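User: I would like to learn how to read the features of a model like this one, step by step. Could you take me through it?

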Amino acid sequence: MAALTFAHNILLSNPSFLRHSTKTGFTTFFSVSSPYLRRYKSTQTLVASSVLELGGVKISKQDVVRDEPTNNVPDLIFTKLGLQLHRRDNHPLGILKNAIYEYFDTNYNNQFHKFDDLCPIVTIKENFDDVLVPADHVSRSFNDTYYIDAGTVLRCHTSAHQADLLRKGYANFLVTGDVYRRDSIDSTHYPVFHQMEGVRVFNPSDWNDSGMDGTLYAANDLKACLEGLARHLFGAVEMRWVDSYFPFTNPSFELEIYFQEKWLEVLGCGVMEQEILNRGGKTDNVAWAFGLGLERLAMVLFDIPDIRLFWSTDKRFVSQFTKGQLGIKFKPFSKYPPCYKDVSFWINDSFSENNLCEIVRGIAGDLAEEVQLIDNFTNKKGMTSHCYRITYRSMERSLTDEEINELQWNVRDQVQSQLNVVMR
Ligand code: FA5
Ligand code: MG
């Protein structure tokens, strides 16, 4: 492993280390997959409390999960709504949120306003238009976002609150909340996760004497701020900056941390597009913004190997964390054996991996550890076959062959009936 180093060291001493992202278009902001307008629901019914209070708004299940073609929210997602892991002081996400608050309070003299209870149900204007996401952007598709109806979604990033808070006059703020995305299944992706958004607005007097223009000044300040945050949280850890793309910032960057022998993307950030500031009446100002993935940072911080663990209510997980304690390393209570099951089928044009993952999650819930494409070929007739390996594993107990076989049969069944593919 390379020597432990900080991102700013990398930046200053070895600029070539900066990987110029080869990712094209919008791949850093949501996964790219073909827009898909078919809809299906999990047949599994999970009972959640019937009325939730979210950001002061009372929400019933019928407000979120509806049997209408413009709704693609499964029951499983509703059961996560309102749990607000980030507001629990003894939970790793709450401990992390509080540690980040502490960094901002100390270094910015309590200037940052903090929001952690804004309702996750937002309009498509807030989620997309207000942050300049183009009309044909893949993230708007049914394949990537949970729609409640044609104009309302479960926010897929905390950036959904940027413009509104700017319009309300806030200049320095942090927004923490649960966000929702149709996504792949593996140890670092989950359809509900938590982000913290940070925004800081500068006045011309801030950069006038610096010899830099506002954009460069803000970009430097942003990187220094986030590198300082990383040091505050981790001490020494190996990191690097990667150039990136977001519709709402320019320039844009992502920060990656070396974890479990891979580079793990932990946040996206950049200098806010001027248009967003202009619309908020801040035409002379420049701002930076970031959006960090709390689970990803908490995995590194507490050595949590799998993102599903954040949802565990098992005492052996929950009891390991204490309010205010950052130095704790999670001790896995046991590693139960994985079970692999393959499923192969001929895909059609509307097939998408996110839809497959949604079916697997709907049936297996958190027993689904990973869904991985292991074989992909097109025959002479132009038909394409995919083979996926599904890993089933419980974090809490050993699974029986019987229950796994039943899960797998249900998966095959629903894949066939709902995805319109031909099984092989
Ligand atoms: C965004 O969501 C941007 N809104 C971030 C941003 C804000 C950029 C402000 C610029 C200015 P992205 O899709 O890359 O970007 O997600 C941000 C972070 O969320 C990622 O770096 C990662 O840490 C986390 N994340 C993304 N998808 C998942 C997932 N499925 N499960 C867990 N964490 C995820
Ligand atoms: Mg990203």
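The dialogue below goes from the chain as a whole to its helices, a sheet and its aromatic rings.

User: What does the secondary structure of the chain come to, and how many of its residues count as buried?

Analyst: Please keep in mind that this is a predicted model. The chain is made up of 13 helices and 16 strands, and 55% of its 424 residues count as buried. Of the contacts between residues at least 6 apart in sequence, 70% join residues at least 24 apart.

User: What span should helix α8 have, and what do its end C-alpha atoms show?

Analyst: The expected span is 1.5 Å times one less than the number of residues. Helix α8 covers residues 214-234, and its 21 residues should therefore span 30 Å, which agrees with the 30 Å between its end C-alpha atoms. Just after α8 comes G235, with a positive phi of about 70°.

User: How do I read a sheet, and in which order do the 4 strands of the open sheet stand?

Analyst: Strands of a sheet pair through backbone hydrogen bonds, and the pairing may be parallel or antiparallel. Here the order is β14-β15-β13-β16, with antiparallel pairing. Because β14 (368-378) and β16 (422-423) stand at the edges with a single partner strand each, one side of each has no neighbour in the sheet. Strand β14 is joined by 9 bridges to β15 (residues 384-392), and Q372 stands opposite R389 in β15.

User: Which helices pack on this sheet or lie across its strands?

Analyst: Helix α12 (residues 353-364) packs on the sheet, where it touches β13 (339-346), β14 and β15, and its direction makes about 145° with that of β14. Helix α13 (residues 401-419) lies across β13, β15 and β16 and runs at about 15° to β13.

User: How are aromatic pairs read, and how many does the count come to?

Analyst: Planes under 30 degrees apart count as stacked and those over 60 as edge-to-face. The count comes to 23 aromatic pairs. The rings of F104 and F290 have centres 6.0 Å apart and planes at 25°, so this pair is stacked. Since F104 belongs to helix α4 (residues 92-107) and F290 to strand β12 (residues 286-293), the pair ties together parts 186 residues apart in sequence. F104 is buried at 0% relative accessibility, and F290 is buried with a relative accessible area of 1%.

User: What kind of pair do Y258 and W263 form?

Analyst: Y258 and W263 form an edge-to-face pair, at 5.1 Å centre to centre with 70° between the planes. Y258 is partly exposed, with a relative accessible area of 26%, and W263 is partly exposed at 26%.

Methods. Residues numbered from 1 in each chain as written. Chains lettered and ligands numbered in written order. Predicted model: local features only at pLDDT ≥ 70, side-chain atom pairs only at ≥ 80, totals over all residues. Heavy atoms only, no water. Helix = DSSP H or I, 4+ residues; strand = E, 2+ residues; numbered from the N terminus. Buried < 20%, exposed > 50% of the residue type's maximum accessible area, 1.4 Å probe, protein only. Contact = heavy atoms within 4.5 Å. Pairing = 2+ DSSP bridges. Axes fitted to C-alpha atoms, helices over the stretch in contact; angles between N-to-C directions. Phe/Tyr/Trp six-rings, centres within 6.5 Å; stacked < 30°, edge-to-face > 60°.
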